[in-house]
Structures are given as structure tokens and as C-alpha cells.
Amino acid sequence: MDRIDELSQAFARFPGIGPRQAKRFVYYLLGAPAADRTRLSELIAAIGKEVRQCSECYRFYNGSTKSICNYCDDASRDASLLMLVEKDQDLTAVERAGTYKGYYFVLGGVLTLSGKGAIREKELIKIVEKRLKNNLKEIVLALSATSEGEHTADRIREVLAPLRQQIRISVLGRGLATGSELEYSDAETLRAAFSNRHEA
């Protein structure tokens with residue numbers, strides 16, 4: 001296999017990128033100045049060294065010497081709230097909306113109706129038990145308004161069933177259109193969805 005095909009296949013493994021788009025990336029890089037290609041390779045190498053995963057919420061963050069991110073380390077946030085999101089991009093979208101001031105937990109994906117996919121169930125139970133000792137009162141399910149999001153929410157309710165007497169579980173209000181992904185929702189829609197959350 002030649003280098004063009006090899007790099008095209010590497011790009012095609014990215015979410016949402018097909019073979020034709022992957023090939024376009026390669027030809028763009030071939031036509032770009034050598035300095036740009038060098039800088040890109042440096043950034044890719046650095047991301048593995050300088051970006052860490054928080055040991056509490058599991059989001060990726062620019063690393064320091066701490067094992068937790070700036071959100072988990074912020075004592076001014078509302079300890080009574082824990083929002084569950086599918087991925088880092090969803091967390092970023094919620095923060096951009098500026099309404100929610102509690103803590104987060106990144107599930108790492110969704111469960112499909114066919115049984116594929118995985119979420120961080122054991123880690124979730126561990127962090128919920130830890131946060132219950134620190135005044136956790138409500139878990140907000142901030143999942144995409146899709147069949148996979150609903151299926152994942154059902155599984156989370158099962159996993160947290162033994163703790164239901166100690167915490168309220170709510171879901172975002174349907175300011176989110178059915179079938180929409182949280183990551184692509186605008187700030188106003190997310191603010192309305194959070195304000196109109198209800199019992200799950």
C-alpha cells in the first residue's frame with residue numbers, strides 16, 4: 001500500500017469521514033507548505049503528551065500536574081448536581097450555554113438498540129457514591145434526543161436503581177428536537193432544556 005492510500009485509510013477512521021473526504025485531506029496536505037505539515041504532526045504528537053483524561057469526570061483537558069480537570073477542581077460549582085453527557089463535545093456545548101453550574105460525568109458514548117456500544121457504568125457508580133457523600137441531590141441526564149440516547153438513559157436508570165431513594169434523576173426538557181445531538185444544539189436551546197428538565 002502506498003503512503004497516500006495508507007494516510008487516506010487513517011483519516012477514514014475518523015468519525016463522520018468517508019473515503020472520498022479522507023482522500024481530499026491527503027491531497028490538501030500534499031499541496032500545503034511543508035511547515036504546515038510539520039506543525040500538524042507536532043500537534044498530533046503533543047496531544048498525547050499534554051492532554052490528560054480527568055480521573056473523576058473523564059473529560060479530556062490540557063494537563064497539569066493534577067489528575068482532575070478544572071471543572072472537577074472548582075469548589076464553587078454546585079455539588080448537588082451531576083450532569084451525565086455522552087462525550088466531551090456535549091460538555092463543551094453545555095458550558096457555552098452558561099446556565100448549568102454543577103459537575104459533569106462523561107459516559108464515553110451511547111448504547112445502541114442492537115446492543116453495541118459501551119458506557120462507563122462502574123466509574124459512574126463510583127463517582128455517584130463519592131458525590132453522595134458531598135451533598136449530591138440530582139443527576140441530570142443530558143443525552144441526545146435519539147433512540148440511542150433514550151436507550152442509554154434507560155440503562156442508567158437501571159444501574160442507579162439502588163441509589164434512587166437518595167437522588168433525583170431528571171432529563172433535559174424537550175427544547176431539544178427529537179433526533180438532535182446535544183453537541184450541535186445552540187446555547188438558547190440548551191438553556192431552555194436545562195431550565196425545563198423533569199423527573200426521569
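Helix α1, residues 3-12, and helix α2, residues 19-31, have axes that come within 8 Å and cross at roughly 125°. The crossing of α1 and α2 is right-handed. Please keep in mind that this is a predicted model.

Which residues in α1 and α2 meet? From α1 there are Ile 4, Asp 5, Leu 7, Ser 8, Phe 11 and Ala 12. From α2 there are Pro 19, Ala 22, Lys 23, Phe 25, Val 26, Tyr 27, Leu 29 and Leu 30. By type, the residues of this contact divide into 11 nonpolar, 1 polar and 2 charged.

Now the interior. In soluble globular proteins, nonpolar side chains tend to be buried together. Here the largest nonpolar core has 25 residues, and those that touch the most other members are Leu 82, Leu 84, Leu 124, Val 128, Ile 139, Ile 156 and Leu 160. At least two residues of this core come from each of β3, β4, α5, β5, α6 and β6. The element that gives the most to it is α5, with 4 residues. A second, separate core has 18 residues, among them Cys 54, Cys 57, Tyr 100 and Ala 142.

To look at one member of the largest core, take Ile 156. Leaving aside neighbours within four places in sequence, Ile 156 is in contact with Leu 84, Leu 107, Ile 119, Leu 124, Leu 141 and Leu 143.

Back to α5, which spans residues 121-132 and holds Arg 131. Is Arg 131 buried or exposed? Its relative accessibility is 7%, under the 20% cut-off, so Arg 131 counts as buried. Not counting residues up to four places away in sequence, Arg 131 touches Glu 56, Cys 72, Leu 82, Tyr 103 and Leu 136. Arg 131 and Leu 81 are 50 residues apart along the chain, and their C-alpha atoms are separated by 9.2 Å.

Last, two loop residues. Asn 135 lies in the loop between α5 and β5. Its phi is near 80°, a positive value in a residue other than glycine. At 42% relative accessibility, Asn 135 counts as partly exposed. Tyr 58 is placed in the loop between β1, residues 51-53, and β2, residues 60-62. Tyr 58 also has a positive phi without being glycine, with a value near 70°.

Definitions and conventions: Residues numbered from 1 in each chain as written. Heavy atoms only, no water. Buried < 20%, exposed > 50% of the residue type's maximum accessible area, 1.4 Å probe, protein only. Contact = heavy atoms within 4.5 Å. Core = buried A, V, L, I, M, F, W, Y, C linked by side-chain atoms within 4.5 Å. Axes fitted to C-alpha atoms, helices over the stretch in contact; angles between N-to-C directions. Left-handed = near helix turned anticlockwise from the far one by under 90°. Nonpolar A, V, L, I, M, F, W, Y, C, P; charged D, E, K, R; others polar.
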